Amino acid sequence: MAPPLFLLAPPRSYTSVINAMIGQHPDAFGLPELNLFNVERLKDFWRPVSHEIGGDSNRRHGVLRTVAEIYAGEQTPETINMALHWVAVREDRKTEEVFKEIVSRIDPLIPVEKSPAYTISMKRLTRIFETFPDARFLHLVRHPIPQSKSIAKLNDGIFAFFFNAFEFENNRLIVDPQIIWHDININILNFLDIVPKDQQMRMRGEELMEHPQKQLAIVCRWLGIRDDDNAIEEMMHPERSPFACFGPINALFGNDPNFLRGSAFRQHKPKIPPLDEPLPWREDGKGLRMEVLGLAQDFGYK
């Protein structure tokens, strides 16, 4: 079975579009957010298991859409119902077994997956590596200021509550999303300490947005797959993925809704602010914390 590729990054770090781009390579298969390693057994998708994983149905849409696509060849209300039966038969199975069964159906293609919630927990990341000791991991990084601004806007900043991204100062509670950027990247770095160097790569998402052909070719060579013009051209069209749009009414999501609304790639040069500018989400005019500043510099930002 081809070793899977997992994209690791905090939310809002270009993971949706880059996952779909890599997954469009002729030798790869881009999956939606399966979220399987967030829970122990498949039936856990139907009950709240932690403060950030509630009982909402959206988190299982990726699995349902994937089963419908790879077993029935299409995603319709009827094939999603078939997927629900497929899941019911396997409800007591461990989710790593279910992940293996799903990716065995697309072998020899390389499965590409990027559920952001994996990066919250070392336990989840370690389970991935124990299940797939030959897996590869692409650590995507983004400048902390635009990433944090995007987090603050997403669902009225709800991620800040999931991650306790608060600062107490002068008896005031300040929501500060840079804490999310820092803590998740630290989680990823701690996890990658146990992964062989040749199975991991770090890439700044802004570079891929600006120079996609060059950066995608680098990823291809690292994965050991072809990097000719035809392969790269396929990767420039994430919108061709069967998961790059909303699904049927009974499994709409499986990815960032913003990506699902418009999944075509638009090459551009992202604006990269200086690391020492005041943060737009803080009324006190403060800048990045020292630990965030240091980590961003380690990632190559200035």
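Me: What kind of model is it, and how are residues numbered?
Reply: It's a predicted model, where local features need pLDDT of at least 70, side-chain atom pairs count only at pLDDT 80 or more, and totals for chains, interfaces and linings use all residues. Residues are numbered from 1 along each chain as its sequence is written, and side-chain values use heavy atoms, with hydrogens and water left out.

Me: OK. How many helices and strands does the protein have?
Reply: There are 13 helices and 7 strands, taken as DSSP runs numbered from the N terminus (helices are H or I, at least four residues; strands are E, at least two). The radius of gyration is 19 Å, close to the 19 Å from the globule rule for 302 residues, so the protein is as compact as a globular protein of that length. That radius is taken over C-alpha atoms, and the rule is 2.2 Å times the number of residues to the power 0.38.

Me: And how much of the protein is buried?
Reply: Buried residues are 56% of the 302; buried means under 20% relative accessible area, exposed over 50%, partly exposed in between (1.4 Å probe, protein chains only). Helix H1 is mostly covered, with 9 of its 9 residues buried, including Val 17, Ile 18 and Met 21.

Me: Switching topic: how many cavities turn up?
Reply: The search of the whole structure finds 1 cavity of 30 Å³ or more, and the volume of the largest cavity is about 50 Å³. A cavity here is a set of points on a 1 Å grid over the protein atoms alone where a 1.4 Å probe fits but cannot get out; lining residues have an atom within 4 Å of a point. Points are joined across faces, edges and corners, and the volume is the space filled by probe spheres set on them.

Me: What lines the largest cavity?
Reply: The lining includes Asn 19, Ala 20, Leu 31, Phe 243 and Phe 259. By type, the lining has 6 nonpolar residues, 4 polar and no charged.

Me: Where does Phe 243 lie?
Reply: Phe 243 is in the loop between helix H11 (229-235) and helix H12 (257-261), and is buried at a relative accessible area of 4%.

Me: What does Phe 243 touch?
Reply: Leaving out residues up to four places away in sequence, its contacts include Phe 29, Arg 65, Glu 69 and Leu 260, where contact means heavy atoms within 4.5 Å. Glu 69 is 174 residues from Phe 243 along the chain, yet their C-alpha atoms are separated by 9.0 Å.

Me: Now the backbone. Which peptide bond is cis?
Reply: The one from Asp 107 to Pro 108, with omega near 15 degrees. Pro 108 sits in the loop between helix H4 (95-104) and strand E3 (110-113).

Me: What about phi at Tyr 14 and Asn 35?
Reply: Phi is near 70 degrees at Tyr 14 and near 60 degrees at Asn 35. Most residues other than glycine have a negative phi.

Me: Are those two buried or exposed?
Reply: Tyr 14 is buried, with a relative accessible area of 16%, and Asn 35 counts as buried at 9%. Tyr 14 is in the loop between strand E1 (5-8) and helix H1 (15-23), while Asn 35 is in the loop between strand E2 (28-30) and helix H2 (61-72).

Key
1 Å grid on protein atoms, 1.4 Å probe; cavity = no way out; pocket = protein on both sides within 12 Å on 5 of 7 lines; lining within 4 Å. Nonpolar A, V, L, I, M, F, W, Y, C, P; charged D, E, K, R; others polar.
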